[in-house]
Amino acid sequence: MVRRSQSSNPRSVVVLTSGTDWGTRAAGQRRSSGAESEIPRRQPAKIKALQQAVRLANLAVDKKNWGTARYALSRARALTDALPANVAVREREKLSAVRKRYAARNTPAAKNAKQAKATPAKRASGKKPAPKKSTAKSAAQQPKPAPVRDLGDRFLNRAALGYGSTDETKGSRTR
């Protein structure tokens, strides 16, 4: 059972439904389009709104946000219809380019490009490509370490360091 009334009035009638009418209620709801939004009255404001709609559509197509792109394109279409044909020619050209990109989203070529990006082509021989060697950059970035010198068997002269002779310190453990 579902409450149908959204009223906060406790005396209002509440109709409990089992959800059978949801299909008919959802059919009454339509997706909003940009054409339904308010269009500015003055021509410079219409041009500015058209530029914004084209920019929004471009960004949405770049990010593959198709719902936003559809909304922005319908808004741009309403704005271009409200303007004279000889005004905002550059914006109309940009809009047609965005429309082409939007229309190409479900074409086989677009799907093939998406698959090619997802799985890069493998080589026939199965070998991995050799890393490229750049002699100038690698020499400048990583200097070669100095060769390790062989110091041989060296002993510390404890007497010279003030610890006394080596014979005295063997037997005593004084600190």
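## Basis of the description

Axes here are lines fitted to C-alpha atoms, for helices over the stretch in contact, and angles between N-to-C directions run from 0 to 180 degrees. Two packed helices are described by the angle between their axes and the distance between the axes. The model is predicted.

## H3 against H4

Helix H3 spans residues 66-82 and helix H4 residues 89-103; their axes cross at roughly 145 degrees and come within 11 Å. The crossing is left-handed.

On the H3 side the contact is made by Trp66, Ala69, Arg70, Leu73, Ala76, Arg77 and Thr80, and on the H4 side by Arg92, Leu95, Val98, Arg99 and Tyr102. Sorted by class, the contact of H3 with H4 has seven nonpolar, one polar and four charged residues.

## H2 against H3

The axes of H2 and H3 come within 8 Å, crossing at roughly 155 degrees. H2 is therefore roughly antiparallel to H3, since angles over 145 degrees count as such. This crossing, too, is left-handed.

From H2, the residues in contact are Lys46, Ala49, Leu50, Ala53, Leu56, Ala57, Ala60 and Val61. They meet Trp66, Thr68, Ala69, Ala72, Leu73, Arg75, Ala76, Leu79, Thr80 and Ala82 in H3. The class count for the contact of H2 with H3 is 14 nonpolar, two polar and two charged residues.

## H2 against H4

Helix H2 (residues 43-62) packs with H4 at an angle of about 25 degrees, the axes being 10 Å apart. Angles under 35 degrees count as roughly parallel, and H2 and H4 are therefore roughly parallel to each other. The crossing of H2 and H4 is left-handed.

In this pair, Leu50, Gln51, Val54, Ala57, Asn58, Val61 and Asp62 of H2 meet Glu91, Lys94, Leu95, Val98, Arg101 and Tyr102 of H4. By class, the contact of H2 with H4 has seven nonpolar, two polar and four charged residues.

## The salt bridge

How many salt bridges does the structure hold? It holds one. The bridge joins the side chains of aspartate 62 and arginine 101, with an N to O distance of 2.3 Å. Aspartate 62 belongs to helix H2 and arginine 101 to helix H4, so the pair ties together parts that are 39 residues apart in sequence.

Aspartate 62 is partly exposed, at a relative accessible area of 48%. Arginine 101 is also partly exposed, with a relative accessible area of 36%.

Definitions and conventions: Residues are numbered from 1 along each chain as its sequence is written. This is a predicted model: local features need pLDDT of at least 70, side-chain atom pairs count only at pLDDT 80 or more; totals for chains, interfaces and linings use all residues. Side-chain values use heavy atoms; hydrogens and water are left out. Helices (H or I, at least four residues) and strands (E, at least two) are DSSP runs, numbered from the N terminus. A crossing is left-handed if the near helix is turned anticlockwise from the far one by less than a right angle, and right-handed if clockwise. Contact means heavy atoms within 4.5 Å. Ala, Val, Leu, Ile, Met, Phe, Trp, Tyr, Cys and Pro count as nonpolar, Asp, Glu, Lys and Arg as charged, and the others, Gly among them, as polar. Angles under 35 degrees count as roughly parallel, over 145 as roughly antiparallel, 65 to 115 as roughly perpendicular and the rest as oblique. A salt bridge is a side-chain nitrogen of Lys or Arg within 4 Å of a carboxyl oxygen of Asp or Glu. Buried means under 20% relative accessible area, exposed over 50%, partly exposed in between (1.4 Å probe, protein chains only).
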